[in-house]
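These are my notebook entries on one structure. I went through contacts, charged pairs, a helix face, the ligand site and some backbone details.

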Amino acid sequence: MTGTASSLAPARMEGNGAYNRNSCVQEAGSAPAVPLFEQAARLAVLPAPPQPIVIADYGSSQGHNSFDPMAAAIRALRERTNPDQAISIVHTDLPSSDFSALFQALATDPQSYLRIDPTTFASAVGRTFYEQILPSAGVALGWCSWAVQWLSRAPAPILDQVQVAYSKDAAVRDQYSRQVANDWRTFLHHRGRELRLGGRLIILTMALTPDGDFGYRPILEAMYAALLQLVNEDFLSAAEVHRMAIPTVARSLSDLEAPFSDGRFADLAIDHAEVFLGQDLIWDAFERNGDARAFDARWAAFSRASVLPTLARDLDRGGADTRAGEFLDRVEAEMAARLAAAPEKVVIPLGLVVLRKD
Ligand SMILES: C[S@@+](CC[C@H](N)C(=O)[O-])C[C@H]1O[C@@H](n2cnc3c(N)ncnc32)[C@H](O)[C@@H]1O
């Protein structure tokens with residue numbers, strides 16, 4: 001039996017603030033990028049007052065994980081600017097994203113940067129970042145964490161997994177490789193237009209280790225086994241599972257650098273690029289307390305909040321399928337049971353790129 005890959009953009013993260021509550025892995029992974037964002041705020045060429053300083057947060061989801069980096073940038077900017085010069089922070093995400101949760105978090109999260117600076121203003125844009133979404137030459141600083149690994153579309157069904165990195169189908173892997181290379185150029189092209197001269201853009205994304213490892217193996221194996229189990233239990237059809245694909249692709253350091261082979265691309269140049277391993281906070285907690293149930297529950301909740309809504313969209317009747325809620329619950333529970341059987345540290349490869357426009 002064959003499936004048809006969804007040609008849509010990815011679905012949003014799980015709503016009602018669930019992503020904010022279940023994204024400590026992403027928050028920890030981004031931590032090494034924060035000092036670089038702070039440094040970028042010290043170096044970026046700023047507009048003269050009374051023009052506002054625009055910071056764009058591309059792929060913000062529900063906001064919580066952006067609060068620390070934004071606060072670090074605001075503090076660094078305030079060492080250079082008059083306190084009256086407005087800072088405008090624009091969070092961007094897909095139109096379907098849970099923007100209500102973002103605005104709630106801005107108002108109530110103790111880490112919200114709105115608490116530290118009265119002349120900082122937050123707003124949001126609901127459009128794909130594979131287009132130009134902000135005025136040309138207006139952005140002084142850009143931040144994009146854990147977002148640009150999401151492709152603009154899933155180019156093909158993946159019949160033997162839901163994550164292409166673990167598929168054995170060379171032709172499918174090739175289609176995803178071409179898509180990720182094109183999407184990277186498209187993303188950079190539009191950011192190159194949006195950045196001001198002297199502006200800086202920090203990108204943190206899923207990466208491949210130098211020996212080509214995508215990481216997350218136990219999580220993805222548990223997820224795929226959970227889906228097959230639900231086929232055995234007649235909750236899902238095989239055709240539904242064949243349609244399901246997580247449209248994320250990790251890039252190697254050379255993939256990240258490829259558009260810049262002549263030194264510049266889209267008026268941007270690389271200041272810094274590296275691949276490193278993110279901290280597995282969930283494993284660290286397990287090593288401290290030996291609580292396997294907490295370990296499996298946290299990784300299953302991470303998966304639910306980040307990728308299961310995208311898979312649910314490929315149920316026969318899409319997101320409106322009456323099984324959508326039960327699908328999330330059952331995959332999460334199946335994954336948790338499998339992960340508890342053999343907790344192991346998860347490899348989290350991340351790429352970090354600092355770009356400047358000059
Ligand atoms: C894993 S979350 C990352 C959220 C946050 N930046 C963080 O570091 O935790 C990825 C976000 O990227 C968004 N995203 C994916 N594709 C996008 C696109 N084409 N345009 C804008 N946002 C996109 C998703 O909707 C999601 O909110």
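I count a contact when heavy atoms lie within 4.5 Å. I am working on a predicted model, where local features need pLDDT of at least 70, side-chain atom pairs count only at pLDDT 80 or more, and totals for chains, interfaces and linings use all residues. Residues are numbered from 1 along each chain as its sequence is written, and side-chain values use heavy atoms, with hydrogens and water left out.

**Entry: Val346**

I looked up what Val346 touches. Leaving aside residues up to four places away in sequence, I found Tyr216, Pro218, Ile219, Asp280 and Trp299. I place Val346 in the loop between H13 and S7; helices (H or I, at least four residues) and strands (E, at least two) are DSSP runs, numbered from the N terminus. Is Val346 buried or exposed? Val346 counts as buried, at 3% relative accessibility. My cut-offs are under 20% relative accessible area for buried, over 50% for exposed, and partly exposed in between, with a 1.4 Å probe and protein chains only.

**Entry: salt bridges**

I ran the search over the whole structure and got 19 salt bridges. The criterion is a side-chain nitrogen of Lys or Arg within 4 Å of a carboxyl oxygen of Asp or Glu. Side chains of opposite charge can pair when their charged atoms come close.

I then took single pairs. Glu240 and Arg323 form a salt bridge, with 2.4 Å between the closest N and O atoms. Glu240 sits in helix H8 (residues 238-243) and Arg323 in the loop between helix H12 (308-312) and helix H13 (324-341), so this pair ties together parts that are 83 residues apart in sequence. I noted that both Glu240 and Arg323 are buried.

Arg356 and Asp271 also meet in a salt bridge, at 2.4 Å from N to O. Arg356 belongs to strand S7 (residues 349-357) and Asp271 to strand S6 (residues 268-277), so the pair links parts that are 85 residues apart in sequence. Through shared partners, salt bridges join Arg200, Arg264, Asp271, Arg356 and Asp358 into one network. Arg356 is partly exposed at 22% relative accessibility, and Asp271 is partly exposed at 39%.

I also looked at Arg127, which forms a salt bridge with Glu131, the closest N and O atoms being 2.9 Å apart. Arg127 is partly exposed, at 39% relative accessible area. Glu131 is partly exposed too, at 33%.

**Entry: helix H5**

Which residues of helix H5 (residues 99-108) are buried? I list Phe99, Ala101, Leu102, Ala105 and Leu106. Down the axis of H5 these buried residues fall within an arc of 155 degrees, so they line one face of the helix; the arc is that of the directions from the helix axis to the C-beta atoms. On the other side of H5, I find Ser100, Gln104 and Ala107 exposed. The cover over the buried residues of H5 includes helix H1 (18-21), helix H4 (64-78), strand S2 (87-93) and strand S3 (120-126).

**Entry: ligand site**

Around the ligand I have 17 residues, of which Tyr19, Gly59, Asn65, Asp93 and Ser145 come nearest. A residue is near a molecule if one of its heavy atoms lies within 4 Å of it.

I then checked polar contacts, meaning a pair of N or O atoms within 3.5 Å. A side-chain N or O atom of Asn65 is 2.8 Å from an oxygen atom of the ligand. For Asp93, the distance from a side-chain N or O atom to a ligand oxygen atom is 2.5 Å. A polar side-chain atom of Ser145 lies 2.6 Å from an oxygen atom of the ligand. The protein covers 99% of the 590 Å² of accessible area that the ligand has on its own. Accessible areas come from the Shrake-Rupley method with a 1.4 Å probe; for residues, only the protein chains shown count as cover.

**Entry: backbone**

I found a cis peptide bond joining Pro49 and Pro50, with omega about 10 degrees. Pro50 is in the loop between helix H3 (34-43) and strand S1 (53-58).

Ser61 is not a glycine but has a positive phi of about 50 degrees. I place Ser61 in the loop between S1 and H4, and Ser61 is buried, with a relative accessible area of 6%.

Asp267 has a positive phi near 65 degrees, again in a residue other than glycine. Asp267 lies in the loop between helix H9 (253-257) and S6. Asp267 counts as partly exposed, at 47% relative accessibility.

How values were computed
A polar contact is a pair of N or O atoms within 3.5 Å; within protein, one must be able to donate a hydrogen and the other to accept it, and residues adjacent in sequence count only if both atoms are side-chain atoms.
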